[in-house]
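I opened this entry to look up cavities and salt bridges. My notes follow the model.

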Amino acid sequence: MTPLFWAAALLYAGAAALYFGFLVGLPDRLAIWARGAVALGFVVNLLEIGARGVAGLHPVSSARETVGFLAWVAVGVFLFMERKRHLPAVGAVVAPGSLILLLAARLSPAGDPSNLALGVVGRVHILLAAFGISVFAVAAASAILYLLEERQLKRRRLTNVVKRGAALETLDGVAHRCVQVGFPIFSAALIAGVVWSAQIASSLRPEHVIAAVAWAAFAVVLVARMTAGWRGRRAAAITVFGFAATLVVLAFYLVRAVS
Amino acid sequence: MAEIVVIGMSHRTAPLEVREKLAFTDDAVEPALRELGALPSVGEAMLLSTCNRVEVYAATRGAGPAATLLADVRQFLVASHRAELATFAGHLYDHVGPAAVKHVFRVASSLDSLVVGEPQILGQMKSAYGIAAQAGAVGPLLGRCLERAFGVAKRVRSETAIARGAANVSSVAVQLAQRVFGDLDGKTVLVIGAGKMSDLAARHLVDDGAARILVTNRSPERAEALARRVAGEARPWADLEKLLAAADVVISSTGSTEPIIGKALMKGVMKARKHQPIFLMDIAVPRDIEPACGDVDGVYLFDIDDLERVVVENRQGRERESQSAELIVEAETRQFLSWHRSQGVVPTIKGLRERFQTVAQAEVQKTLATLGPRADGSEKAVRQLADSIVAKLLHAPMMALKGEDADALAAAVEKLFDLNGREQK
């Protein structure tokens, strides 16, 4: 493990702790420090990915590289969404989430790279999927927080999470925006995946089905919102479900790469 | 050395009937400051008159006794209101020196307020200070004390959570609505019934950005009257369902003995508004809105008990935070007092240093004259030797003069080194 990796991991961990402290009611400035830590972690993580790329381990060279790359993009998406809104509560989900992905990527045993025959379509598929899932990750983080806060507000309990978290409408808006952006990317990734499967004559595997389920979940979120005005709790729950499904797909790839 | 003094009364020592007798109208403040300034014992003065307190902050003229100033100001307060001293006796308090400084810091930080942490007092103090400064009534000591008090208040607000959490029902209503909607820009408020509290809450919501207020009531005349009071639009009672579909925040306070909004109605409303969230505040007793409405998706229902519970929680939170705020005030008071003490001994310190340096310089000149002109740099060395001896000898006494008991030490130093005699030469 390189010092850059540890620095990035430490910054994400620090940000997660600071965000968490802010959420449970510690002073406001923690949120500002946390944001600084996340932003710095983002830069260090980029350098780390760059260094690996120079060494031949670029983001689409294996499943674990892709997962590490995904953690970085998710942080980037979060920082982008946060520039106009105050979303420290979402950070409290994104920072530890990205940390886990990064650790999973770097600490999982390396598979044999020679059994990977990617080609252009395969690489496009992986890259698009990574971007799509990263955007969904931020949507899911918002949705998780929405569900948490909504429950407490419904019970008329003004906990610190409700007081410190973002307003429900803001969270709903961020989640919706992210699904809107992530969906076309993820759709394109799926199409590329189908083409790639056909090229290498792969049989239908469980992860293909789960990916299709995830895609359908996000499609439902978008369509039902437009037609039936679905929003809030139901939309948030399905968003979290869809993202969880994409994580299962990733897990399949990670395990397959190792075995 | 001049001393800071506080004299006055507040909600802690006097009921409203007494406070209002002592209060100064805005126009009366400047003339009062002029009168205060004309008193022989008063060096600097400032007058703070709010609905919760009337206080004079003053500094003695020169080293005049604080007791004389207190008696003079007390006399002035009584005379200016053509009252008997007995009216205010027992309600007036006074603080001198360290206690006075601490009091000013506590008031500015809203630790002495009726609702701890409320922000108005700081603004009131700043404007009272502004008036006094413009009238030329405050000088360097009181001025510095007040400026520091504003700094302390800022520290307290940023370093403790003393001002966090709304402390009354209508601000809680606004804060809760913001938890759902974020900002309230462009939101529509519906007021059902014409209770006084709904009036207040509606105004609060508009202050925070709500775009328009709709008012409805069983009696159209009363709806019109309330609409005029809150700058809203009166709507017919029969349109209630449509109004609910259009509103984002609803405040209900009718005198109805039966609930006027039931779960079935609310379900229909949510469909009509495409499940956009709605925030219902039921501040009527008995309640206007069936509690089961809160189970409908997207409906956030709070009744008067919920709101009051939040108020109580927030106030308790503020009281807890006030303990750390008191620590900040203590530390800042100590710091200010040590600055104040050092101001008193500045002339002594200066005199002592000059005395030593003059003697050293004279001796150096004498020595250099006997040695004659030399080119090996020893002249510079001799001068440096003298300077460093002076600096080393003076270090300990200087530090002592800046510490506790500075006044007594300063007097001793002046006598021991004949600092005053030197000035006469």
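I began with the second largest cavity, whose lining has seven nonpolar, three polar and two charged residues by class. For the classes I took Ala, Val, Leu, Ile, Met, Phe, Trp, Tyr, Cys and Pro as nonpolar, Asp, Glu, Lys and Arg as charged, and the others, Gly among them, as polar. A cavity here is a set of points, on a 1 Å grid over the protein atoms alone, where a 1.4 Å probe fits but cannot get out, and lining residues have an atom within 4 Å of a point. The model is predicted, so local features need pLDDT of at least 70 and side-chain atom pairs pLDDT 80 or more, while totals for chains, interfaces and linings use all residues. Residues are numbered from 1 along each chain as its sequence is written, chains are lettered from A and ligands numbered from 1 in the order in which they are written, and side-chain values use heavy atoms, without hydrogens and water.

I noted about 70 Å³ of space in the second largest cavity; a volume is the space filled by probe spheres set on grid points, which are joined across faces, edges and corners. Its lining includes A:Tyr146, A:Asp172, A:His176 and A:Arg225. H5, H7, helix H8 (206-228) and H9 of chain A each give two or more residues to this lining. Helices (H or I, at least four residues) and strands (E, at least two) are DSSP runs, numbered from the N terminus.

I then looked up the largest cavity, with a volume of about 170 Å³. Of its 17 lining residues, A:Arg231, A:Gly232, A:Arg233, B:His275 and B:Gly298 are the closest to its centre.

Next I searched for salt bridges (a side-chain nitrogen of Lys or Arg within 4 Å of a carboxyl oxygen of Asp or Glu). One joins B:Asp303 and A:Arg156, at 3.7 Å from N to O. This pair crosses between chains, from strand E10 (residues 299-303) of chain B to the loop between helix H5 (119-154) and helix H6 (160-164) of chain A.

Buried means under 20%, exposed over 50% and partly exposed in between (1.4 Å probe, protein chains only).

Last, I looked at B:Glu363 and B:Lys366, whose salt bridge has its closest N and O atoms 3.4 Å apart. They sit three residues apart in helix H13 (residues 304-371) of chain B, so about one helical turn separates them. B:Glu363 is partly exposed at 42%, whereas B:Lys366 is exposed at 54%.

Technical notes
1 Å grid on protein atoms, 1.4 Å probe; cavity = no way out; pocket = protein on both sides within 12 Å on 5 of 7 lines; lining within 4 Å.
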